[in-house]
Amino acid sequence: MSFTLTTPSGFWNPLLWLVFLALFGIIAYLIYSQGNPSYKKDTEQIKPYLSGNPEPTKEKIQVKAGDIYWGFIEALKGYYKVLQAIHTGDMRDYILWYLGVGAIITFILIGGV
Amino acid sequence: MGKLTNFKRSLWVFHASGGSCNACDIEIVAVLTPRYDAERFGIKLVGSPRHADVLLVTGAIPRDFADKLRRIYEQMPDPKAVVVIGNCGTTGGVFYDSYNIAGPIDEVIPVDVYVPGCPPRPEAIIDGIVKAWLKIEKLEKELEGKKE
Ligand code: SF4
């Protein structure tokens, strides 16, 4: 009984696959056994070196999409503060703003002249 | 001087400077320049304590540097040795008893070798590192003994 499955692009033999798996396992173990045995888990030894500073949480060091606009938002802080205060997320408020500003423009165009 | 027998790798050194006037640090650099050229023996400065066998510390260690120095020491793999370069780190030097000083260094981390001087000569620094090398050999033998 043959275990080999031949296909147009090559062949597949599970026994050969097992032999290679064992071989790579042995090589991996040999590399692992050469490691420093005095290495201590759960100490500072496993943490990255940041000039002696403590490692910040992942959330703190992650660059968020919003960070791309940081300089822009920082420079226009005064403007954004006002805008964010009136930005409620309620569509009815925006329609009211639209009508209000529209009324003012209309008043200037018609009544103001 | 004892025989170097067990520690077969090159000795890699990390330098942490806490509040030194920079003169000790310049002498450490002098050890690496062509006149003394410690690198020909494989003794070289590395950029991370995680790669280092020896920690060289200079300066009197200001309070806000003490926890950083402790962290740097803990990040070094075993076996490791600490060498203090200069009077500032050895005793506090001219900063002795200053309000903002956490040192001398042996009050922050354990120290194996003291190299006094203000600043010490490069020959003295090399001698200190060789002493640290002997200490590391001893520690390595102990570690191997534990493994067996
Ligand atoms: S021991 Fe002297 S040379 Fe070294 S850092 Fe202190 S003051 Fe400077």
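This is a predicted model: local features need pLDDT of at least 70, side-chain atom pairs count only at pLDDT 80 or more; totals for chains, interfaces and linings use all residues.
Now the contacts. Chain B brings 16 residues into contact with 14 residues of chain A. Between the two chains there are two salt bridges. One pair that forms a salt bridge is Lys40(A) with Asp78(B), where the closest N and O atoms are 2.6 Å apart. There are also six residue pairs in polar contact across the interface of chain B and chain A, counting pairs with both residues at pLDDT 80 or more.

Which elements of chain B give two or more residues to the side that touches chain A? They are α2 and α4, the latter spanning 122–147. Helix α2(B) gives the most, with five residues. Sorted by class, that side of chain B has six nonpolar, three polar and seven charged residues.

Let me turn to the fold of chain B. It has an open sheet of five strands, paired in parallel, in the order β2-β1-β3-β4-β5. The edge strands of chain B are β2, at 44–45, and β5, at 113–115, and each of them pairs on one side only. Further in, β1 (residues 12–17) and β3 (residues 54–58) of chain B pair in the parallel sense over five bridges. Within that pairing, His15(B) stands opposite Leu56(B) in β3(B).

Helix α1 of chain B, residues 23–32, packs on the sheet and touches β1, β2, β3 and β4 of that chain, with β4 at 81–85. The direction of α1(B) makes about 140° with that of β3(B). Helix α2 of chain B, residues 63–75, lies across β1, β3 and β4 of chain B and runs at about 170° to β1(B).

Last, some backbone details. Pro79(B) is found in the loop between α2 and β4 of chain B. The peptide bond from Cys118(B) to Pro119(B) is cis too, with omega near -5°. Where does Pro119(B) lie? It is in the loop between β5 and α4 of chain B.

In chain A, Asp42(A) has a positive phi of about 55° although it is not a glycine. Asp42(A) is in the loop between α1 (14–33) and α2 (58–61) of chain A.

Technical notes
Residues are numbered from 1 along each chain as its sequence is written. Chains are lettered from A and ligands numbered from 1 in the order in which they are written. Side-chain values use heavy atoms; hydrogens and water are left out. Two strands pair if DSSP finds at least two bridges between them. Helices (H or I, at least four residues) and strands (E, at least two) are DSSP runs, numbered from the N terminus. Contact means heavy atoms within 4.5 Å. Axes are lines fitted to C-alpha atoms, for helices over the stretch in contact, and angles run from 0 to 180 degrees between N-to-C directions. A salt bridge is a side-chain nitrogen of Lys or Arg within 4 Å of a carboxyl oxygen of Asp or Glu. A polar contact is a pair of N or O atoms within 3.5 Å; within protein, one must be able to donate a hydrogen and the other to accept it, and residues adjacent in sequence count only if both atoms are side-chain atoms. Ala, Val, Leu, Ile, Met, Phe, Trp, Tyr, Cys and Pro count as nonpolar, Asp, Glu, Lys and Arg as charged, and the others, Gly among them, as polar.
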